[in-house]
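Welcome! Take a look at the model first.

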Amino acid sequence: MMAASALGASHTIDAGTYRVSIAAGLRLSYAMRIVAAAPAHHYALISDSNVAPLHAGPLSATLAEHGETSLHVVPAGEGTKSRESWAALTDALLARGCGRDTTVVALGGGMIGDLAGFVAATYMRGIPVVQCPTSLLAMIDASVGGKTGVDTPAGKNLVGAFHPPAAVLADVELLATLPAEHRRAGLAEAVKHGVVADAHYFDLLRTAGPAVLGADTDAVLGVVTRSVEIKAEIVTADSREQGLRKILNFGHTLGHAIEHASGYEMLHGECVAIGMVLEARLAERMGLAESGTSEAIVELLRVVGLPVARPARFGADELLRATRLDKKAQAGVVEYALPAAVGRMAGDGMRWGIAVPDALAREVLG
Ligand code: NAD
């Protein structure tokens, strides 16, 4: 465990019904904040086999001063985000006699956030969850917005629920133990936030991105905070993805298809990076995006060392088939969220999902 620093600059962002707190050293007050946001008789801490040995001990011990506490550790990796894990976790809570006066605490990356969030969404028809993200991707994106769920053999996130957390607590110092490739993958969602909503932030990432990779705490704090502000504003306006929230799916239609085709061997952020490039090219081809949009995205992704091309081992037809399973398909037609330029998405203010014929998508897949 790292030495705890004093709480430095801290940021609190309103995400509708809950708040996102971000600071270096915040973990020292996690238990107090969890108890304040979602007081319970039992605190069920859910974590994975990489994160728990590093970070669960102190939190579990301090939570135990406030109520009955249990720690549930599942194997690390996207393969654990499954109905089987959901069943095992809910059975474990039932075996312990946990009632509706239980709060789930999700301590981990986006995999744990989605899985533990889905346990909370469904256990006894819904109990509170506090999200304590430990990966960059989870801090800047997955922990905010209330989407929870599991993957199935047919595709990603196909079984799930909207279940907003009672609070999100992000201690950027926890990223000190995050492997470099996951830090890099997390930046893909920051690039996405720049493309969908803030050209200035996109430009800033040319210097802030490499600083985040170098573990510069101020840069990490700045990027996490700006990304959470962008995501919170969008999900507060449209919590159930009826309209505006669809813009956050930029890069994810083809990105999810690649992730699925790779058998979840490739990291989510890497797949989203490639998906953004391909989908921006698609938008240019359809005359929706300013020319140069995809090139600007490629350039920034290269600066932070993320992949920009479809791996040759996945065929275009295989990927197109996978997009049909995506939740974004409407009446069998696949909808994409496409940019108009860096910082602005294509849409008419009401509808942000754009139906794309397979033939056009095949052209950008090459
Ligand atoms: P992850 O949770 O699998 O974490 C990546 C790896 O880092 C894992 O091996 C994990 O054990 C390890 N790890 C995490 N924090 C660590 C730390 N502090 N120290 C050491 N190791 C650490 O994956 P992820 O990249 O965080 O998230 C990807 C998941 O998030 C996907 O399932 C994706 O679908 C989901 N997601 C959800 C949303 C949403 O809105 N709910 C948004 C984006 C992504």
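**Exercise 1.** Is the crossing of helix 6 and helix 8 left-handed or right-handed?

Before starting, note that this is a predicted model, in which local features need pLDDT of at least 70 and side-chain atom pairs count only at pLDDT 80 or more, while totals for chains, interfaces and linings use all residues. Residues are numbered from 1 along each chain as its sequence is written, and side-chain values use heavy atoms, leaving out hydrogens and water.

*Solution.* 
- Step 1: Axes are lines fitted to C-alpha atoms over the stretch in contact, with angles from 0 to 180 degrees between N-to-C directions.
- Step 2: the crossing is left-handed, meaning that the near helix is turned anticlockwise from the far one by less than a right angle; clockwise would be right-handed.

**Exercise 2.** Describe how helix 10 and helix 13 cross, and list the residues that meet.

*Solution.* 
- Step 1: the axes of helix 10 (residues 268-285) and helix 13 (residues 358-365) come within 9 Å and cross at roughly 120°.
- Step 2: this pair is therefore oblique, and its crossing is right-handed.
- Step 3: from helix 10, L278, R281, L282 and R285 are in contact (heavy atoms within 4.5 Å) with L360, A361, E363, V364 and L365 of helix 13.

**Exercise 3.** How many of the 10 residues of helix 9 are buried?

*Solution.* 
- Step 1: buried means under 20% relative accessible area, exposed over 50%, and partly exposed in between (1.4 Å probe, protein chains only).
- Step 2: in helix 9 (residues 252-261), 8 of the 10 residues are buried, so the helix is largely enclosed by the rest of the structure.
- Step 3: among the buried ones are H252, L254 and I258.
- Step 4: their cover includes helix 6, helix 10 and helix 13.
- Step 5: just after helix 9, look for G263, with a positive phi of about 65°.

**Exercise 4.** Which is buried and which is partly exposed: W86 or F118?

*Solution.* 
- Step 1: W86 has a relative accessible area of 27%, so W86 is partly exposed.
- Step 2: F118 has 8%, so F118 is buried.

Technical notes: Helices (H or I, at least four residues) and strands (E, at least two) are DSSP runs, numbered from the N terminus. Angles under 35 degrees count as roughly parallel, over 145 as roughly antiparallel, 65 to 115 as roughly perpendicular and the rest as oblique.
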